[in-house]
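Please look over the sequence and the model shown below.

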Amino acid sequence: MASSPCGDGNFDCGLQIQTRSVEQTLIPLVSQITTLINHKDKLKKTEKTLRAVQRVGQAVSVAVGRFVAVGEAIAAENEDLKDEMGLACFEARRAGTAIAQLTDVSSLEQCEGDGRSTVFSDRTGMVKAARMLLSSVTKVLVLADCIVIKQIISSRNKVRVVCWVQVLVHSSTQNGTHLFLSSTRDLKDEKKRARMAAARAVLEKCTMMLLTASKTCLRHPDCESARINKEAVFQRMRLALEQVIEIVTDTRSGGEARALPVSIYAGIKDFKVKVEGLRDSLYCVSCEAVAAQLETLVEKTEDFTDSAYTSHEQRETIIQLCQITRQETKQLINTWRHAQSLKAKEATDEMELSILKTCQSVSDLRRELHRVAVGRATELLKLHSDHLVLQALKASGGDGNLEAVADYAGTLNEHKEQLVETCRLLCHISGTEPLEITCIHAEETFRVIGPQIISAAQTLALHPTSKIAKENLDVFCEAWESQLCDIAILLKEINDVFEGRRGDKKTYLSLPRPGEQTTIAKLGLELCLLTSDVDSEVERWDEQDHEMVRLCQIISSMAYSMYLFTRGEGLLKTTLDLFHQAEVRQHSFSLIGFLIESVRSAIKSNESPGKDGSIYY
């Protein structure tokens, strides 16, 4: 048999594909090559079959040629990756040529008479060529992604703040797998996807904050609180962008690996795996290691027991369950050592009972911790649902009352600490690593945004007539409220995982289908603008308790909720909720129409409408 046209094929074919877009790009190529390789050994070689094989081989070769031409053009424009990209393109072209040669079987005589290698006679050569082609094409795609990432990093260091924000907003609304803000769902790794979603949320929500904070700083250049406010937002966006770059480049600035703090849930899961593994082998782990791991778990429960917001009864229950788990584990270790002394090859009946009791006790501990954390979060969400502190800060700032702002700032700081601690407890019992990442993101958000609201309120109090300072405070307060809505969604997901209803993390319960995002975003923005117009008109009415005003305010609130839905935020979680809101809104429109007709009739009859919309004769 003649030698394979592709040579030995030493090219690396074990590349790790980390994005779904690269994976999807390779599917058609894999399909065509699979067709060529997986032919029957005793395939009947008719002229029709030979023409089909040759047609597929030529199609692959031509497609590879075009693909390589693009890759070589990219290599010529990027000196730092020129050699690596050039090698990948060379290997791809060589593999494409080899496949074309192996599938060049236009006639039966040519297939059987000239003695050269073909896809029918040299299946090994065909497999080598296919592996080389897939490997090299994947390499080109990955390098192309790397070049885009380098461009993102380079642009970050070159553009000014305002231009950078414009580029960021523009990039986040475009389609395409190479735009970094659109690559959240393109990542295959769940942890990276969750971290990317957290960074993306920061960038999207902070864009408006940076805009209003920058405008406030320009309008009041001597205001220290305005400067602090703006710099805090920009710093957060910079860190989020660095996290995006870290994820897509799979590197860290310091070179160290990023590791999540071990949660109680993860620790309990690993502890149970080790304990239950004793059924298979009594010598797979040491007694000391199991005892030490349990003590580490018990230490972590101090986040619950040391909290000032944990009730006495809850604290006593957790301590008692920790003590029971210690006792059961100690009994397990005693029976385990006894079995080892007997040279037992498997767990004894006494040891099996201890394993069951130990696992049950640690499960009871986990259940109690879950109950405490979820209960705390639920209570806080109810407590903060009215947003009274935010409203008080807005009112105090608008009145120019710095003393009142300082008082309410202390209350907001207390609420912030409660929410930060609650997020930490939720992280311990979240159940999956993506949810742990989301909890950490929520904790960081509350920790940062609390002081930002206070500095924005201080700015407004110093300049109570400033419209941009008022708008700036409104934007930060909306971000706080939005994060509370995210906590409610997170809480439901944690409960779903705990109860076994769902094992994956979804950012939102309803998402638009591909291709609809632009239209929905446009309609949502129109709703937001209309809401602003309605609010402005309503503020001009002298009689704020009039029925017409009340209904307009209700409709404005509904429209704003629908706008938040288009952004994946707010209280509307599913399309069913959206449709219901639209129906209620339509009913309100009908009531307003009735009131308008009543008013018109009253004017014609020289009669006056009452405050409740009724007509007095």
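## Overall picture

Of the contacts in the protein chain between residues at least 6 apart in sequence, 74% join residues at least 24 apart. The model is a predicted one. The protein chain has 20 helices and zero strands. It is made up of 617 residues, and 43% of them count as buried.

## Nonpolar cores

In soluble globular proteins, nonpolar side chains tend to be buried together. In this model the largest nonpolar core has 84 residues. The residues with the most contacts inside this core are Phe304, Trp336, Met351, Ile453 and Trp480. Helix H17, which covers residues 467-498, gives the most to this core, with 13 residues. There is also a second, separate core of 22 residues, and Val68, Met132, Leu133 and Ile147 are among them.

Setting aside neighbours within four places in sequence, which residues is Ile453 in contact with? They are Leu390, Leu393, Leu412, Leu473, Phe476, Cys477 and Trp480.

## Cavities

The structure holds two cavities of 30 Å³ or more. The largest cavity has a volume of about 70 Å³. Its lining consists of Ala201, Val202, Lys205, Met209, Arg236, His441, Thr445, Ile449, Ala479 and Gln483. By type, the lining of the largest cavity divides into five nonpolar, three polar and two charged residues. Helix H7 (190-219), helix H16 (433-462) and H17 each supply at least two residues of this lining. Which helix gives the most to it? H7 does, with four residues.

The table sets out where each one is placed and its relative accessible area.

| Residue | Helix | Relative accessible area |
|---|---|---|
| Asn229 | H8 (residues 224-249) | 2% |
| Gln293 | H10 (residues 287-300) | 14% |

Asn229 counts as buried because its relative accessible area is 2%, and buried means under 20%. Not counting residues up to four places away in sequence, Asn229 touches Ala213, Gln452, Ser455, Ala456, Asn472 and Phe476. Phe476 is also in the list of contacts of Ile453.

Gln293 has a relative accessible area of 14%, so it is buried as well. With residues up to four places away in sequence again left out, Gln293 touches Gly267, Asp270, Phe271 and Lys274.

## Positive phi angles in loops

Lys343 is not a glycine, yet it has a positive phi of about 60°. Lys343 is placed in the loop between helix H12 (312-341) and helix H13 (349-383). Is Lys343 buried or exposed? Its relative accessibility is 67%, so Lys343 counts as exposed; the cut-off for exposed is over 50%.

His387 is another residue other than glycine with a positive phi, here near 55°. His387 lies in the loop between H13 and helix H14 (388-398).

Methods. Residues numbered from 1 in each chain as written. Predicted model: local features only at pLDDT ≥ 70, side-chain atom pairs only at ≥ 80, totals over all residues. Heavy atoms only, no water. Buried < 20%, exposed > 50% of the residue type's maximum accessible area, 1.4 Å probe, protein only. Contact = heavy atoms within 4.5 Å. Core = buried A, V, L, I, M, F, W, Y, C linked by side-chain atoms within 4.5 Å. 1 Å grid on protein atoms, 1.4 Å probe; cavity = no way out; pocket = protein on both sides within 12 Å on 5 of 7 lines; lining within 4 Å. Points joined across faces, edges and corners; volume = space filled by probe spheres on them. Nonpolar A, V, L, I, M, F, W, Y, C, P; charged D, E, K, R; others polar.
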